[in-house]
Every structure is written in C-alpha cells, then in structure tokens.
Amino acid sequence: MKDTDLPRSNFVRDWISADAASGKYGGRVRTRFPPEPNGYLHVGHAKSIMLNFGLAEEFGGKCNLRFDDTNPIKEEAEYVESIIEDVRWLGGDFGERPVYASDYFQQLYDWAVELIKKGKAFVCDLSGDQMRESRGTLTEAGTNSPYRERSVEENLDLFARMKDDEFPNGSRTLRAKIDMASPNLNMRDPVMYRILHAAHHRTGDQWCIYPMYDWTHGQSDSIESVTHSICTLEFEDHRPLYDWYLDQLGVFHPQQIEFDRLSLTYTVMSKRKLLQLVQQGVVEGWDDPRMPTIGGMRRRGYSSQGLRDFARNLGVTKTSGLTEFENLEYYIRGDLNKTSPRVMTVLRPLKLVLTNYPEGQVEMVEAVNNPEDEDAGTRSVPFGREVWIEQDDFREEPPKKYYRLYPGNEVRLRYGYIIKCHDVVKDPDTGEVMEVHCTYDAETRSGQQTRRVKSTIHWVPAAEAISVEVRLYDKLFNVENPNEAPDGQDFTANVNPKSLEVVHGKAEPSLASAQPGDRYQFERLGYFCADKSSQAELLVFNRTVELRDAWAKLQKRS
RNA sequence: UGGCCGGUCGUCCAAUGGUAGGACACGGGCCUUUGGAGCCUGGUAUGGAGGUUCGAAUCCUCCCCGGCCAGCCA
C-alpha cells in the first residue's frame, strides 16, 4: 500500500490513535482481516481490507490475514487461494503467509479444558431442537440445561471423548456456563464446540469437534497480539461474549470495535446471495464482470488503485447506509482516466464514404495516446476513403441540440478532417441507412490551424479495422436495493434482464496487440478491458464503465 | 410489547457546547479536436417535542423511525 492509501479520519482511526498516544498496549497497533474461506471476497471486504491494513500501516503496526476456518463444511482451499490473490491485488501486506484459526485448534481445546476445570463450561446432551426451545425468546428468559450441573470430572471425561470420536454429530456440545436469563441471547450458555465429522481443508481428519466463531475469534486475536479487532456491526451483540471468554482465561485482551459494512445500490453483498447467483446461472461465475466480487470487478476492468481510492474515501461509522454505485464509478473513472491509453473503436458500425477522397489512398494520422499523460506519446492511425462511424453519431433527422453528423452538417473526424454530409444510401426495402456520404475539407487536417466545428466523432478505417466482440455490462439489478423483493419472491426477481449486451464492433489496428487484462479508453464511449476469453482471431472486451455522457443525460431529461 | 446500536443535504461522511462543511449525485456556466477530463458556480439537511445554557447537531427527558440478535454459521 502507498501512503496515499491511508484511511481518512473516522471513529475507528480516532480510537486507535488515542490508544497509541496513551500508550495502551505499549503504543503498539496490530489488526487483522479475518475472512472465512467460504466464498470469494467482494467490494465490501475491500473496505475492511483498506481499514485494517491501512490503520496498521499508519500506526507502524502489522495486519494479519487470518482465515476464520472453523466450519469445514462450508470452507474450501479454492476460496483460500482466491482470497490471498485478492488481498494481494488490493495491496494488503500480510507478510510471508496468512495465518489460520485452525492453527490454534489445540490451544483452543486446551483452553476449553481450562474453562471446564473452572466450572465455566459443561458438556450438554440437548439436541438442536431442545436447545432452541430452552434458549427462550427475545422477550423471555431461557431455562437451564438439565446437564448444566454435571461434575467437572464428568465434563472433562465427556469432552475428551467428544474429541476422541466417540459420539455422533449433533449428540453433544460443549457450552459456556453464563446466564440463560441474559437479555443478550449470545450469553445464554453459548455453544463452544460442536461435533462435526467432516474433513477440514487444512487439518483433515485430525479433529471431529470444531470450535464456534465466538470461542475462536477473540482467542485468536489474543494469540496474535491483535490490539484492535475491527469487525462489522452485526457483531456488536457478540462483544460481551468476546470479552467474557478473554476475561475467564485471563489472557491478553484486544479491543473489539464494530463499524458499518458497505452496502451498494443495485447489487447484493451477502455471500449466500452471490453464491445463489452463481449456482442459478444468473451470472457466469464468481468473477463474472457484473459481480461485486473483487475478482468480478478486476475482470470487468476496475483497477486496484480505483477500488482503493473508493474504499479509502468511504465513511466508517455505525450507521447502516446505502452508498450509491455512482460513487464507486467516480473513483474508478478517476483512476482509469489518468492511466488508460485511448483508442478508437466503433461499437455499432455505420459505413461512411468520403466521396471526394481519392480511391485507394491511405494516409497516416497522428493520435494522442493519453491526453492526461504526455509521456504516453502518440500513435499513427491509417485514414482512407471509407471509415466506420458509430450509428449513434449520425441522424437523418437530428433532434434538438444534436451536434453530430446529419445531412448538411459538418463534424470533425477525430485526428482527421472536417467532413460534411451530403447524401445517404438506404436499403430500398427497409429504408435503413446503409451508408453516409460526405465530402472532406482537405484544408482542415488535424493539427493545422483551422476553423472549429461543434462536434468531433471517432471512427475506424474500414480497410484496416479489426473486428472485436464487446460485452456491454449494465447494472445486475434494476432496483437500488435488490434485497427488497416483491411479495413472495426473492431478490433474484430484481435481476436486470438486460445486464449484458454483446455487440460486434470495429477497432483501429493498434488494438490488435491487446492482452487479457489490458485496459483502454474507447474514445467517447468508456473504459474497456480485454477479457480473458480473448482469442487471437477475436479479441473480447468488457465495458468497465461508461464515460460521463452529457448528451445521454440531455436526452434522458427530454 | 427484551436487549444492543443508530438517525445531519438526494446519497455517504465532517462539525466532539461557539459561523452546519466536504465528496458523490443533481442544476447553471466556462473551456474543449472525446458532449470525456478540467475549471467556476448553485441548493430547501441536524427525525419530533420539551429542557439545561449567553449559545445545542452536540448535554438531559420523552416520543418517533431504522438496523442487528432467538445457528451445533461466520
């Protein structure tokens, strides 16, 4: 991470800053980013990554990447790999290797034994249903388990046998002995261990009992000397339990701090829902460019820097807000504008013939690679009698304020000449415009001191053009908050059926060397990224984000 | 009708008893060989009612609204 990536001021930063200044934890700061490897990371995680890694860096500390891998049923090594890749891509520096909650299974077990010996934990034989019934409700206290007063000896014996594979799944649990009447449900004798005969992606068959999140997280933080354990709002109710475990053990006690998770308009963020989109084939996979996953955004063409800029400027508070997608796009455009080479591509080609331009003649015109970056230099583009222009850039009958090409009007061909339309060729059957005929003004070649016209349009030389497939992505959902579904339906009812349109366009020859992952600005259209499915014969581009479009906005209004 | 946490421009955040400010979005203008970028500029926001105070977004009381919690998920 670069120092420009430091988080802006927020209450978490203030908190840590105050602790660092007062010498709490010896002035030391250590954080951690603790994903469960049960899915791919999404843009919401990017916020947490920026916060945790950024804060550690700012205060001269470290941030661990720790996998919260305590539920082997949901977790896979594949997810571990993708998470590592995404964190690195976002610039998170977690040192040589990540750490794992599963590294601490033995220590956690030993500590559980310690709690049993202190009379603070017991083996419970209640079934899942029974436990739910005895837990009480939001308004009524629960009732004590009939197994709550087992002797320490019996508990020790039973717990050891749980570990030693003697009991079937679900038959027993180890529970903390706290308070079944607590208004905080998390404190009503929470389960610490459950029996799960399942292979773990790292520990294999070594364990058949697995620790619960609450029994794992705080202790893992403590083992790693984490000073500030930053998590999302839904864990607020868990903090008393986090504190209780640490206090019973008398070990190093980190501070849990909760902040609001990121919600974005027109998308969903829960892993469960993202998984559903993948499984139902709504999208092509976790890295579908329409997905809010880090992988999807990367494939779509979002840059690491752009994403970091966005995440860094997010508010970190305790309100649960809904951030507009436009805010994200602003930062993506901002970075892409500075870094992307320009190129001319026509998405929906319309043939334009310069009737006074000599047949067979080709000249090279000089095009600027990036007006935001002089060092990017220029390139030559062949120019001839026939070129492709965008269908949108010609109207036989122009609406008001339409500055582009129409019969009798002049426009400039970018980097070329000023041209004037004098005729159209139509399909005799459909009346569709097949060709636009223009004359060019030889005195107006680009670079010469010349008159001005209202509009400049892009073009591609017909003879030298290469064909490209372009995937035009739109919002995955057609409502701001897809989670609010119509009665009786789930969020997929809000899927935008037009979130992907595939067109076949023409591009200037310089684009032929594009490699998967390369990003460009297609002049006047937007930012595009070469997709991994590109072949030598046919390059495929994903539209990352459109350029701001004053004309489109004007049209929309009228 | 249990507990916890929150309510400030359309949206996301600042202001920590002393002129309610920024970003995005939106509107107007300038500039322009990208209707891009950039620049300038505008606006009807402190959920409500009381109270404390010279002074309240901030402190107190009550009310209203929203989020989270009843997994052997995290």
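A word on burial before we start: buried means under 20% relative accessible area, exposed means over 50%, and partly exposed is in between, with a 1.4 Å probe and protein chains only. This is a predicted model, where local features need pLDDT of at least 70, side-chain atom pairs count only at pLDDT 80 or more, and totals for chains, interfaces and linings use all residues. Residues are numbered from 1 along each chain as its sequence is written, chains are lettered from A and ligands numbered from 1 in the order in which they are written, and side-chain values use heavy atoms, leaving out hydrogens and water.

Take R445. R445 is partly exposed, at 25% relative accessible area. Its salt bridge partner is E363, 2.2 Å away, N to O. By salt bridge I mean a side-chain nitrogen of Lys or Arg within 4 Å of a carboxyl oxygen of Asp or Glu. R445 sits in the loop between β18 (433-441) and β19 (456-457), E363 in strand β13 (residues 362-368), and 82 residues separate them. Strands here are DSSP runs (E, at least two), numbered from the N terminus. E363 is buried, at 13%.

Next, R451 and E410. Their closest N and O atoms are 2.6 Å apart. R451 is in the loop between β18 and β19 and E410 is in strand β16 (residues 410-413), so this pair ties together parts 41 residues apart in sequence. R451 is partly exposed, at 37%. E410 is partly exposed too, at 23%.

Now the wider view. How many salt bridges does a search of the whole structure find? It finds 38. Some form a network, linking D287, R299, E469, R471, D531 and K532.

Note on methods: Helix = DSSP H or I, 4+ residues; strand = E, 2+ residues; numbered from the N terminus.
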